[in-house]
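This report covers a ligand site and the pocket that goes with it. The sequence and model are shown first.

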Amino acid sequence: MARSILYLVGRRAMWIEDTKELLDKSIIRDRIFKYWRELTDAERIGLQADIYAQLFTNETFIQARTIATTIAHTGEIDTKPIIDYALTIGKDIYVPKTYPKRQMAFAKYQGMDVLEKTKFGIYEPTADAEFIDKATIDLMIVPGLFFRPDGYRVGHGGGFYDIFLADYPGNKISLAFPGMVSDRVTFEIDDFDIPVDEIIVGYI
Ligand SMILES: Nc1nc2c(c(=O)[nH]1)N(C=O)[C@@H](CNc1ccc(C(=O)N[C@@H](CCC(=O)O)C(=O)O)cc1)CN2
Ligand SMILES: Nc1ncnc2c1ncn2[C@@H]1O[C@H](COP(=O)(O)OP(=O)(O)OP(=O)(O)O)[C@@H](O)[C@H]1O
(Lines give C-alpha, C1' and ligand atoms only; values in the text may rest on other atoms or scores of the structure.)
(Ligands and ions follow the chains in the order given, each with its own letter.)
Protein backbone atom coordinates (compact mmCIF):
# COMPACT_ATOMS: atom_id res chain seq x y z
CA MET A 1 0.00 0.00 0.00
CA ALA A 2 1.44 3.40 -0.91
CA ARG A 3 0.61 6.25 1.40
CA SER A 4 2.15 9.59 2.17
CA ILE A 5 3.75 10.60 5.42
CA LEU A 6 4.30 14.16 6.58
CA TYR A 7 7.98 14.58 7.39
CA LEU A 8 9.59 17.54 9.09
CA VAL A 9 12.80 18.33 7.22
CA GLY A 10 14.61 21.12 8.99
CA ARG A 11 11.96 23.82 9.44
CA ARG A 12 9.91 22.63 6.49
CA ALA A 13 7.18 20.06 6.42
CA MET A 14 7.00 17.92 3.31
CA TRP A 15 4.97 14.98 2.10
CA ILE A 16 7.13 12.04 1.15
CA GLU A 17 5.62 8.93 -0.30
CA ASP A 18 6.04 5.92 1.94
CA THR A 19 6.11 2.92 -0.37
CA LYS A 20 5.68 0.32 2.35
CA GLU A 21 3.42 -2.49 1.21
CA LEU A 22 0.80 -3.51 3.78
CA LEU A 23 -0.04 -7.16 3.14
CA ASP A 24 -2.16 -9.87 4.76
CA LYS A 25 -0.15 -12.47 6.65
CA SER A 26 -1.45 -15.13 4.21
CA ILE A 27 -0.07 -13.23 1.20
CA ILE A 28 3.27 -12.81 2.98
CA ARG A 29 3.37 -16.58 3.66
CA ASP A 30 2.85 -17.31 -0.06
CA ARG A 31 5.62 -14.87 -1.01
CA ILE A 32 8.03 -16.52 1.41
CA PHE A 33 7.23 -20.00 0.10
CA LYS A 34 8.07 -18.70 -3.39
CA TYR A 35 11.30 -17.09 -2.09
CA TRP A 36 12.32 -20.42 -0.56
CA ARG A 37 11.56 -22.33 -3.78
CA GLU A 38 13.81 -19.95 -5.72
CA LEU A 39 16.81 -20.31 -3.38
CA THR A 40 19.48 -22.70 -4.63
CA ASP A 41 20.87 -25.39 -2.31
CA ALA A 42 24.21 -23.54 -2.27
CA GLU A 43 22.55 -20.26 -1.23
CA ARG A 44 20.53 -21.98 1.47
CA ILE A 45 23.54 -23.81 2.87
CA GLY A 46 25.72 -20.68 2.77
CA LEU A 47 23.09 -18.56 4.50
CA GLN A 48 22.53 -21.20 7.17
CA ALA A 49 26.28 -21.46 7.84
CA ASP A 50 26.40 -17.70 8.40
CA ILE A 51 23.38 -17.83 10.72
CA TYR A 52 24.98 -20.60 12.82
CA ALA A 53 28.24 -18.62 13.06
CA GLN A 54 26.34 -15.52 14.26
CA LEU A 55 24.19 -17.49 16.69
CA PHE A 56 27.09 -19.42 18.24
CA THR A 57 28.91 -16.14 19.00
CA ASN A 58 25.76 -14.35 20.22
CA GLU A 59 26.07 -13.39 23.90
CA THR A 60 22.49 -14.49 24.72
CA PHE A 61 23.14 -17.90 23.15
CA ILE A 62 26.48 -18.26 24.95
CA GLN A 63 24.91 -17.41 28.32
CA ALA A 64 21.86 -19.67 27.85
CA ARG A 65 21.96 -23.00 29.65
CA THR A 66 18.54 -24.14 28.47
CA ILE A 67 17.49 -23.53 24.88
CA ALA A 68 14.18 -24.27 23.18
CA THR A 69 14.09 -24.74 19.42
CA THR A 70 12.07 -26.66 16.85
CA ILE A 71 12.75 -29.78 14.82
CA ALA A 72 12.78 -28.03 11.43
CA HIS A 73 10.88 -29.43 8.51
CA THR A 74 11.47 -28.74 4.82
CA GLY A 75 11.19 -25.06 3.98
CA GLU A 76 12.58 -23.99 7.35
CA ILE A 77 16.07 -23.07 8.49
CA ASP A 78 17.70 -26.31 9.64
CA THR A 79 18.02 -26.46 13.41
CA LYS A 80 19.85 -29.80 13.65
CA PRO A 81 23.36 -28.22 13.57
CA ILE A 82 22.23 -25.88 16.37
CA ILE A 83 20.90 -28.75 18.46
CA ASP A 84 24.04 -30.85 17.93
CA TYR A 85 26.43 -27.97 18.71
CA ALA A 86 24.49 -26.84 21.78
CA LEU A 87 24.43 -30.40 23.18
CA THR A 88 28.16 -30.78 22.51
CA ILE A 89 28.97 -27.70 24.58
CA GLY A 90 26.75 -28.88 27.43
CA LYS A 91 23.49 -26.97 26.97
CA ASP A 92 20.06 -28.57 27.40
CA ILE A 93 17.81 -28.52 24.34
CA TYR A 94 14.00 -28.60 24.48
CA VAL A 95 11.66 -29.12 21.53
CA PRO A 96 7.90 -28.56 21.20
CA LYS A 97 4.98 -30.93 21.43
CA THR A 98 1.66 -29.52 20.20
CA TYR A 99 -1.78 -30.18 21.66
CA PRO A 100 -5.32 -29.22 20.62
CA LYS A 101 -6.44 -25.60 21.07
CA ARG A 102 -3.08 -24.14 19.97
CA GLN A 103 -1.33 -25.43 23.10
CA MET A 104 2.35 -26.32 23.13
CA ALA A 105 4.82 -27.67 25.71
CA PHE A 106 8.58 -28.26 25.50
CA ALA A 107 10.34 -31.51 26.36
CA LYS A 108 14.01 -32.42 26.59
CA TYR A 109 15.59 -33.47 23.30
CA GLN A 110 16.99 -36.99 23.71
CA GLY A 111 17.71 -37.83 20.07
CA MET A 112 15.68 -38.03 16.85
CA ASP A 113 14.94 -41.73 17.36
CA VAL A 114 12.70 -41.09 20.38
CA LEU A 115 10.56 -38.48 18.63
CA GLU A 116 7.31 -39.34 16.86
CA LYS A 117 6.08 -37.91 13.57
CA THR A 118 2.78 -36.01 13.81
CA LYS A 119 0.12 -35.91 11.12
CA PHE A 120 1.60 -32.55 10.06
CA GLY A 121 4.94 -34.24 9.38
CA ILE A 122 6.74 -32.60 12.31
CA TYR A 123 8.78 -34.70 14.76
CA GLU A 124 7.68 -34.19 18.37
CA PRO A 125 8.51 -35.64 21.80
CA THR A 126 6.22 -38.34 23.18
CA ALA A 127 3.93 -37.89 26.20
CA ASP A 128 6.43 -39.64 28.52
CA ALA A 129 9.26 -37.18 27.71
CA GLU A 130 10.74 -34.81 30.30
CA PHE A 131 8.74 -31.56 30.07
CA ILE A 132 10.02 -28.21 31.32
CA ASP A 133 8.48 -25.16 32.97
CA LYS A 134 8.70 -22.30 30.47
CA ALA A 135 10.20 -19.93 33.05
CA THR A 136 13.36 -22.04 33.13
CA ILE A 137 14.00 -21.74 29.37
CA ASP A 138 16.78 -19.15 28.98
CA LEU A 139 16.46 -18.77 25.22
CA MET A 140 13.70 -19.59 22.76
CA ILE A 141 14.66 -19.81 19.10
CA VAL A 142 11.31 -18.81 17.63
CA PRO A 143 10.45 -20.07 14.13
CA GLY A 144 8.94 -17.71 11.59
CA LEU A 145 8.42 -17.13 7.89
CA PHE A 146 8.69 -13.35 7.79
CA PHE A 147 9.74 -10.62 10.24
CA ARG A 148 9.31 -6.89 10.54
CA PRO A 149 12.54 -5.21 11.71
CA ASP A 150 10.81 -4.53 15.07
CA GLY A 151 10.57 -8.28 15.71
CA TYR A 152 6.91 -8.94 14.86
CA ARG A 153 6.61 -12.20 12.97
CA VAL A 154 4.46 -14.18 10.61
CA GLY A 155 4.52 -17.89 11.40
CA HIS A 156 2.71 -20.83 9.85
CA GLY A 157 -0.56 -19.51 11.26
CA GLY A 158 -1.03 -22.08 14.00
CA GLY A 159 -0.95 -19.47 16.74
CA PHE A 160 1.09 -21.83 18.95
CA TYR A 161 3.98 -19.46 19.57
CA ASP A 162 1.86 -16.35 20.13
CA ILE A 163 0.03 -18.12 22.94
CA PHE A 164 3.15 -19.74 24.40
CA LEU A 165 5.18 -16.51 24.35
CA ALA A 166 2.43 -14.40 25.95
CA ASP A 167 3.73 -15.28 29.44
CA TYR A 168 7.25 -16.40 28.57
CA PRO A 169 9.77 -14.23 30.43
CA GLY A 170 13.07 -15.19 28.72
CA ASN A 171 15.01 -14.28 25.58
CA LYS A 172 13.53 -14.73 22.12
CA ILE A 173 15.70 -14.93 19.01
CA SER A 174 14.59 -15.74 15.46
CA LEU A 175 16.70 -16.81 12.51
CA ALA A 176 16.06 -15.49 9.00
CA PHE A 177 17.32 -15.38 5.45
CA PRO A 178 17.59 -11.86 3.94
CA GLY A 179 14.29 -12.19 2.02
CA MET A 180 12.46 -13.04 5.24
CA VAL A 181 13.01 -9.59 6.81
CA SER A 182 12.01 -6.30 5.24
CA ASP A 183 11.09 -2.76 6.15
CA ARG A 184 9.40 -2.34 2.74
CA VAL A 185 6.74 -4.94 3.47
CA THR A 186 4.61 -4.80 6.56
CA PHE A 187 1.53 -6.38 8.14
CA GLU A 188 -1.00 -5.34 10.75
CA ILE A 189 -0.03 -6.39 14.27
CA ASP A 190 -2.76 -8.41 15.98
CA ASP A 191 -3.39 -7.95 19.71
CA PHE A 192 -1.97 -11.41 20.40
CA ASP A 193 1.26 -10.99 18.37
CA ILE A 194 4.46 -11.13 20.46
CA PRO A 195 7.66 -9.75 18.90
CA VAL A 196 11.04 -11.45 19.23
CA ASP A 197 13.95 -9.55 20.84
CA GLU A 198 16.46 -10.20 18.09
CA ILE A 199 16.54 -11.48 14.51
CA ILE A 200 19.73 -13.07 13.22
CA VAL A 201 19.83 -12.57 9.46
CA GLY A 202 22.21 -14.65 7.37
CA TYR A 203 24.34 -13.14 4.64
CA ILE A 204 26.66 -14.63 2.05
N1 LIG B 1 9.50 -27.11 12.81
C2 LIG B 1 8.49 -26.49 13.39
N3 LIG B 1 7.91 -27.04 14.45
C4 LIG B 1 6.88 -26.41 15.05
C5 LIG B 1 6.38 -25.18 14.55
C6 LIG B 1 7.03 -24.62 13.42
O7 LIG B 1 6.69 -23.53 12.91
N8 LIG B 1 8.07 -25.31 12.89
N9 LIG B 1 5.30 -24.60 15.18
C10 LIG B 1 5.00 -23.25 15.10
O11 LIG B 1 3.98 -22.81 15.49
C12 LIG B 1 4.44 -25.48 15.99
C13 LIG B 1 3.57 -26.34 15.08
N14 LIG B 1 2.92 -25.52 14.13
C15 LIG B 1 1.91 -25.89 13.31
C16 LIG B 1 1.28 -24.90 12.56
C17 LIG B 1 0.21 -25.22 11.77
C18 LIG B 1 -0.24 -26.53 11.70
C19 LIG B 1 -1.41 -26.86 10.88
O20 LIG B 1 -2.50 -26.55 11.26
N21 LIG B 1 -1.18 -27.48 9.76
C22 LIG B 1 -2.19 -28.03 8.89
C23 LIG B 1 -3.18 -27.06 8.41
C24 LIG B 1 -2.60 -25.88 7.73
C25 LIG B 1 -3.69 -24.98 7.28
O26 LIG B 1 -4.30 -24.32 8.13
O27 LIG B 1 -3.92 -24.95 6.06
C28 LIG B 1 -1.49 -28.73 7.73
O29 LIG B 1 -0.28 -28.53 7.58
O30 LIG B 1 -2.17 -29.47 7.04
C31 LIG B 1 0.41 -27.51 12.43
C32 LIG B 1 1.47 -27.20 13.23
C33 LIG B 1 5.31 -26.32 16.87
N34 LIG B 1 6.31 -27.02 16.11
N1 LIG C 1 -3.19 -15.48 22.76
C2 LIG C 1 -4.09 -16.01 21.90
N3 LIG C 1 -5.30 -16.41 22.33
C4 LIG C 1 -6.19 -16.95 21.47
N5 LIG C 1 -5.96 -17.13 20.15
C6 LIG C 1 -4.79 -16.77 19.67
C7 LIG C 1 -3.79 -16.19 20.51
N8 LIG C 1 -2.71 -15.94 19.76
C9 LIG C 1 -3.01 -16.33 18.50
N10 LIG C 1 -4.26 -16.82 18.45
C11 LIG C 1 -4.93 -17.34 17.25
O12 LIG C 1 -3.99 -18.03 16.45
C13 LIG C 1 -4.27 -17.79 15.08
C14 LIG C 1 -3.00 -17.71 14.28
O15 LIG C 1 -2.27 -16.52 14.60
P16 LIG C 1 -1.09 -16.03 13.64
O17 LIG C 1 -1.55 -16.01 12.23
O18 LIG C 1 -0.49 -14.79 14.21
O19 LIG C 1 -0.11 -17.28 13.84
P20 LIG C 1 1.45 -17.36 13.63
O21 LIG C 1 2.15 -16.40 14.54
O22 LIG C 1 1.70 -17.24 12.17
O23 LIG C 1 1.69 -18.86 14.10
P24 LIG C 1 2.68 -19.45 15.22
O25 LIG C 1 2.56 -18.60 16.44
O26 LIG C 1 2.20 -20.85 15.45
O27 LIG C 1 4.04 -19.43 14.62
C28 LIG C 1 -5.08 -16.53 15.00
O29 LIG C 1 -6.22 -16.77 14.21
C30 LIG C 1 -5.45 -16.21 16.42
O31 LIG C 1 -6.84 -16.12 16.54
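## Polar contacts of ligand 2

In this predicted model, a polar side-chain atom of D162 lies 3.0 Å from an oxygen atom of ligand 2. R102 also places a polar side-chain atom 3.3 Å from an oxygen atom of the ligand. From G155 the contact comes from the backbone: an N or O atom there is 2.7 Å from an oxygen atom of ligand 2. Taken alone, ligand 2 exposes 650 Å², and the protein buries 72% of that area.

## Shell around the ligand

Ligand 2 is surrounded by 16 residues, of which R153, G155, G157, G159 and F160 are the closest. By class the shell divides into five nonpolar, five polar and six charged residues.

Helix 1, strand 11 and helix 5 are the elements that give two or more residues to this shell. Helix 5 has the largest share, with four residues.

## The pocket

Which space does ligand 2 take? It is the largest pocket. This pocket has a volume of about 620 Å³. It is lined by 30 residues, and those closest to its centre are H156, G158, G159, F160 and Y161.

The lining comprises twelve nonpolar, nine polar and nine charged residues. At least two lining residues come from each of helix 1 (25–38), strand 5 (92–99), strand 8 (123–124), strand 11 (153–154) and helix 5 (160–165). Helix 5 gives the most to the lining, with four residues.

Technical notes
Residues numbered from 1 in each chain as written. Chains lettered and ligands numbered in written order. Predicted model: local features only at pLDDT ≥ 70, side-chain atom pairs only at ≥ 80, totals over all residues. Heavy atoms only, no water. 1 Å grid on protein atoms, 1.4 Å probe; cavity = no way out; pocket = protein on both sides within 12 Å on 5 of 7 lines; lining within 4 Å. Points joined across faces, edges and corners; volume = space filled by probe spheres on them. Nonpolar A, V, L, I, M, F, W, Y, C, P; charged D, E, K, R; others polar. Near = heavy atom within 4 Å. Polar contact = N/O pair within 3.5 Å; in protein donor to acceptor, adjacent residues only side chain to side chain. Areas by Shrake-Rupley, 256 points an atom, 1.4 Å probe, with all protein chains shown as cover. Sits in = over half its atoms within 2 Å of the grid points.
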